[in-house]
Amino acid sequence: GLHSDAVAALAGVAVDGAGLRLRWSKGNYFAVAPAHAGKVGRLIYPVPPADGSSLGVHVCLDLAGQMRLGPDVEPLDGREDYTVDPGRSAAFFAGACAFLPFLAAADLSPAMAGIRPRLARASAGFADFVVRREEGGQAGLVDLIGIESPGLTAAPALAELVDGLLAEGDA
């Protein structure tokens, strides 16, 4: 979660030395005007940018069929800013109008934001999340740090992995 590095530090883990320090990335979403509800019946994931910085602007649908565009990637200094800057709508519009030809810039309004924990590696490249069992003074502690959006989908598999790591300590 967003505070997993701080929890590990409270347990005595040297998070900086172990490469477990987090940085945060906000994903903003913009709602598409309700007048366009039903014009799209499934998620749309365009080809991501070549630089690999994000998945690109894609279309999400809520349970009522309302379209949302997002998330984008906005680096953060902290883990508490859930505001959506209306000034970001131009980038969302530019990213989505290619596959939503009916869209007008005025159709977008700030909707919501989420924050993703990312491992702060020395290189700016991709860093996968960490699942590991601590030894020594923290024996029995399992770190799950830097888990981004696949974490919810992978939760059952992660639970099995943690169970296995804990069982190793019992052997």
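**Close-up views of salt bridges and nonpolar cores**

Eleven salt bridges are counted in this structure, which is a predicted model.

**View 1. A salt bridge joins Arg79 and Asp5.** The closest N and O atoms of Arg79 and Asp5 are 3.0 Å apart. Because Arg79 belongs to the loop between strand S4 (74-76) and H2, while Asp5 belongs to helix H1 (residues 4-10), the pair ties together parts that are 74 residues apart in sequence. Arg79 and Asp5 are both buried.

**View 2. Lys26 and Glu74 form a salt bridge between their side chains.** The N to O distance is 3.7 Å. Lys26 lies in strand S1 and Glu74 in strand S4, so this pair ties together parts that are 48 residues apart in sequence. Lys26 has a relative accessibility of 1% and therefore counts as buried; Glu74, at 18%, also counts as buried.

**View 3. The side chains of Asp62 and Arg68 meet in a salt bridge.** Here the N to O distance is 3.7 Å. Asp62 is partly exposed at 25% relative accessibility, and Arg68 is partly exposed with a relative accessible area of 24%. Elsewhere, salt bridges with shared partners join Lys26, Asp72, Glu74, Asp81 and Arg88 into one network.

**View 4. The largest nonpolar core contains 14 residues.** Leu69, Leu100, Leu103 and Leu108 touch the most other members of this core. At least two core residues come from each of strand S1 (22-32), strand S3 (67-69), helix H2 (89-96) and strand S5 (108-119). Beyond its neighbours within four places in sequence, Leu103 is in contact with Val32, Leu69, Phe93, Ala96, Cys97 and Leu108. Another core, of twelve residues, lies apart from this one and includes Leu2, Val13, Ile115 and Leu119.

Terms used:
Residues are numbered from 1 along each chain as its sequence is written. This is a predicted model: local features need pLDDT of at least 70, side-chain atom pairs count only at pLDDT 80 or more; totals for chains, interfaces and linings use all residues. Side-chain values use heavy atoms; hydrogens and water are left out. A nonpolar core is a set of buried Ala, Val, Leu, Ile, Met, Phe, Trp, Tyr and Cys residues joined through side-chain atoms within 4.5 Å. Buried means under 20% relative accessible area, exposed over 50%, partly exposed in between (1.4 Å probe, protein chains only). Helices (H or I, at least four residues) and strands (E, at least two) are DSSP runs, numbered from the N terminus. Contact means heavy atoms within 4.5 Å. A salt bridge is a side-chain nitrogen of Lys or Arg within 4 Å of a carboxyl oxygen of Asp or Glu.
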